[in-house]
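Please read the report below alongside the sequence and the coordinates. It moves from the overall fold to individual helices and then to a single side chain.

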Amino acid sequence: MSSGGLDPEMKGRTVHVVMARAMTARLAHAAGYPGAVIARSLGITPRGLGKLLNRPVDEPLLLAARLRVAIDAELDPPLR
């Protein structure tokens with residue numbers, strides 16, 4: 001893991017990693033990605049995905065992530 005950021009593969013069980021994985025799962029699910037694709041991308045089982053999708057997340061933070069994705073979709077190239 002790099003200093004101040006998450007491992008790109010989001011490995012581990014720290015509160016921040018679990019929250020990031022849950023938010024990623026929610027965003028991908030809301031975007032219509034198949035569960036098998038989401039689970040494989042996160043390196044988890046379909047059952048694990050179900051648990052992540054049911055996990056409480058910080059709703060304002062989730063909204064901020066959705067807005068960022070929407071902004072990036074409008075920009076060429078996306079923000080970095």
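**Confidence and overall make-up**

The mean pLDDT of the protein is 86, and 85% of its residues reach 70 or more. Over residues 1–6, however, pLDDT stays under 50, and for this stretch the model has 5 contacts beyond four places in sequence. Where pLDDT is low, the predicted coordinates should not be read in detail. Among the elements of the protein, α3 has the highest mean pLDDT, at 95, while α4 has the lowest, at 91.

The protein contains 4 helices and 0 strands, which follow one another along the sequence in the pattern α-α-α-α. Of its 80 residues, 20% count as buried, and the accessible surface comes to about 5,900 Å², of which 60% belongs to carbon and sulfur atoms. When contacts between residues at least 6 apart in sequence are considered, 49% of them join residues at least 24 apart.

**Helix α1 and its partners**

Helix α1 spans residues 15–30, and its 16 residues reach 22 Å from the first C-alpha to the last, close to the 22 Å expected at 1.5 Å a residue. Its buried residues are Val17, Val18, Ala20, Arg21, Ala22, Met23, Ala25 and Ala28, and these pack against α2, α3 and α4. The helix is followed by Gly32, whose phi is positive, near 95°.

| Helix | Residues |
|---|---|
| α2 | residues 35–42 |
| α3 | residues 46–54 |
| α4 | residues 59–74 |

**The pairing of α2 and α3**

Two packed helices are described by the angle between their axes and the distance between the axes. For α2 and α3, the axes come within 9 Å and cross at roughly 95°. Since angles from 65 to 115 degrees count as roughly perpendicular, α2 and α3 are therefore roughly perpendicular to each other. In this pairing, Gly35, Ile38, Ala39 and Leu42 of α2 meet Pro46, Leu49 and Leu52 of α3.

Ala22, for its part, is among the buried residues of α1.

How values were computed
Residues numbered from 1 in each chain as written. Heavy atoms only, no water. Helix = DSSP H or I, 4+ residues; strand = E, 2+ residues; numbered from the N terminus. Expected span 1.5 Å × (residues − 1). Buried < 20%, exposed > 50% of the residue type's maximum accessible area, 1.4 Å probe, protein only. Contact = heavy atoms within 4.5 Å. pLDDT = per-residue confidence, 0-100. Areas by Shrake-Rupley, 256 points an atom, 1.4 Å probe, with all protein chains shown as cover. Axes fitted to C-alpha atoms, helices over the stretch in contact; angles between N-to-C directions. Parallel < 35°, antiparallel > 145°, perpendicular 65-115°, else oblique.
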